[in-house]
Amino acid sequence: MKHILVTGGAGFIGSHVVDELLLVGFKVRILDNLGPPTHNGALPEWVNKKAEFVQGDVRSKEDWRKALRGINGVVHLASYMDYHLDFSTYIRTNIESVALLFELIVEEKLPIQKIVAASSQSVYGQGKYQCETHGIVYPPMRSEVQLAARQWEVTCPECHKPIVALPETESDEPSPQIPYGISKLASEKFLFNLGRQYGVPSVALRYSIVLGPRQSFRHFYSGALRSFAVDVLNNQSIQMNEDGGQTHDFVHVRDIAHAHLTVLTDHRADFECFNVGIGKSIRVIDLAKMVAEESGVPFNPSFNNRYRVGNIRYTPMNIDKLRGLGWEPKYTVRDAVKDYLQWVRQFNGLKEALEKTYNEMARDGILKTGK
Ligand SMILES: NC(=O)c1ccc[n+]([C@@H]2O[C@H](COP(=O)([O-])OP(=O)(O)OC[C@H]3O[C@@H](n4cnc5c(N)ncnc54)[C@H](O)[C@@H]3O)[C@@H](O)[C@H]2O)c1
């Protein structure tokens with residue numbers, strides 16, 4: 001396997017995957033439409049010049065056909081993300097793209113030896129919790145009434161007492177609740193079922209929250225880190241959603257990129273899905289504190305009862321399965337914060353981009369402020 005196609009290779013994670021593959025001697029072609037929100041039609045200067053670039057759309061069979069010529073491995077990252085109201089675009093981009101790839105593999109008997117596709121922690125939905133009285137429970141999403149009343153905690157669906165989030169493992173029953181997560185789970189099902197039927201070893205990587213340089217600052221909601229960095233760079237106090245007590249697994253993009261190489265080159269990964277994260281939960285308020293410390297400013301967060309509808313408060317992740325293949329996260333969350341801050345400082349218009357995002361989210365009823 002020498003020639004790898006990376007879809008979405010001009011994006012945040014994709015461009016790091018491209019660097020990693022080129023470094024170990026693969027020949028790489030990128031298929032990317034350079035569309036909004038990530039791009040404005042121009043190829044970013046950080047995209048590795050040693051990779052061949054094909055501008056095209058993963059929703060187009062013809063674009064796939066051109067891009068797949070001479071290719072024997074695919075890393076499929078191009079995707080529609082976040083919380084948008086054009087729900088059908090999730091289906092067309094995230095599910096149909098996998099179906100089109102397999103149509104071409106079957107029709108043209110393409111010699112594809114491996115497919116690695118980006119999935120997400122979002123497939124687990126709200127996740128599983130431990131209740132002292134009722135054991136393992138699966139609470140529903142927190143209601144808007146609850147969030148508006150500033151009751152941030154997730155409680156037992158039986159006794160309504162506080163419960164503890166348990167790390168998601170790959171053997172857990174996925175239960176995505178938003179169109180993005182549902183489309184990612186469906187794309188995994190296409191990948192594994194068609195992969196097995198047509199003998200194409202396939203792998204899905206379920207990333208946690210990825211941080212680091214080249215992260216789009218035009219995306220809809222993605223990025224506590226972006227939001228904190230913009231506040232700090234504009235000499236404003238850091239605005240927290242909820243009470244800052246949300247905890248997530250934040251992983252450096254270079255560790256994510258390396259995970260692709262691990263599963264691409266190891267047959268033990270075939271037809272498996274893997275969580276990829278750092279394996280530890282960090283409070284969002286501690287992430288904000290790191291941003292302030294690394295920027296050399298005092299940490300005075302402000303709380304305005306702001307919350308994101310559908311946000312999952314705790315997302316711990318178990319990464320032992322990927323560790324079993326010899327992969328290990330090498331970077332800390334602080335490394336990711338430092339690397340991101342160093343990169344993002346060079347751009348103008350960050351504040352305007354963030355305000356635009358927040359205005360759109362408020363317009364669509366996704367970002368709200370409680371009483
Ligand atoms: N960033 C995260 O924290 C995170 C977490 C979980 C999963 N993921 C997944 O990782 C993958 C990469 O995400 P990212 O964070 O690098 O985002 P990104 O927006 O920076 O990169 C995505 C790239 O895909 C391209 N693209 C989008 N739609 C396309 C289309 N229809 N045809 C061709 N190209 C298209 C974009 O132009 C962009 O360059 C996605 O599949 C995403 O769902 C990301």
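Helix 8 crosses helix 10 with a right-handed sense in this predicted model. Two packed helices are described by the angle between their axes and the distance between the axes. For helix 8, which spans residues 284–295, the axis comes within 10 Å of that of helix 10, and the two cross at roughly 50°. That angle is why helix 8 counts as oblique to helix 10.

Helix 10, residues 333–344, also meets helix 6, residues 224–233; here the axes come within 11 Å and the crossing is at roughly 55°. Helix 6 is therefore oblique to helix 10 as well. The crossing of helix 6 and helix 10 is right-handed too.

Now to the ligand. How many residues surround the ligand? There are 30 of them, and the closest are Asp32, Thr38, His39, Leu77 and Tyr180.

| Residue | Atom on the protein side | Distance to a ligand oxygen atom |
|---|---|---|
| Phe12 | backbone N or O atom | 2.8 Å |
| Asp32 | side-chain N or O atom | 2.6 Å |
| His39 | polar side-chain atom | 2.6 Å |

On its own, the ligand has 830 Å² of accessible area, and the protein covers 93% of it. Which elements give two or more residues to the shell around the ligand? They are helix 1 (12–23), strand 5 (114–120), helix 5 (179–197) and strand 10 (209–211). Strand 5 provides the largest share of the shell, with three residues. Sorted by class, the shell holds 13 nonpolar residues, 13 polar ones and four charged ones.

Two backbone details are worth a look while you have the structure open. Most residues other than glycine have a negative phi, and most peptide bonds are trans. Where does the model depart from the trans form? One place is between Pro36 and Pro37, which are joined by a cis peptide bond with an omega of about 5°. To find Pro37, go to the loop that runs between strand 2 (27–32) and strand 3 (52–55).

The other detail concerns phi. Lys109 is not a glycine, and yet its phi is positive, at about 50°. Lys109 sits in a loop as well, with helix 3 (88–107) on one side and strand 5 on the other.

Key:
Residues are numbered from 1 along each chain as its sequence is written. This is a predicted model: local features need pLDDT of at least 70, side-chain atom pairs count only at pLDDT 80 or more; totals for chains, interfaces and linings use all residues. Side-chain values use heavy atoms; hydrogens and water are left out. A residue is near a molecule or strand if one of its heavy atoms lies within 4 Å of it. A polar contact is a pair of N or O atoms within 3.5 Å; within protein, one must be able to donate a hydrogen and the other to accept it, and residues adjacent in sequence count only if both atoms are side-chain atoms. Accessible areas come from the Shrake-Rupley method with a 1.4 Å probe; for residues, only the protein chains shown count as cover. Helices (H or I, at least four residues) and strands (E, at least two) are DSSP runs, numbered from the N terminus. Ala, Val, Leu, Ile, Met, Phe, Trp, Tyr, Cys and Pro count as nonpolar, Asp, Glu, Lys and Arg as charged, and the others, Gly among them, as polar. Axes are lines fitted to C-alpha atoms, for helices over the stretch in contact, and angles run from 0 to 180 degrees between N-to-C directions. Angles under 35 degrees count as roughly parallel, over 145 as roughly antiparallel, 65 to 115 as roughly perpendicular and the rest as oblique. A crossing is left-handed if the near helix is turned anticlockwise from the far one by less than a right angle, and right-handed if clockwise.
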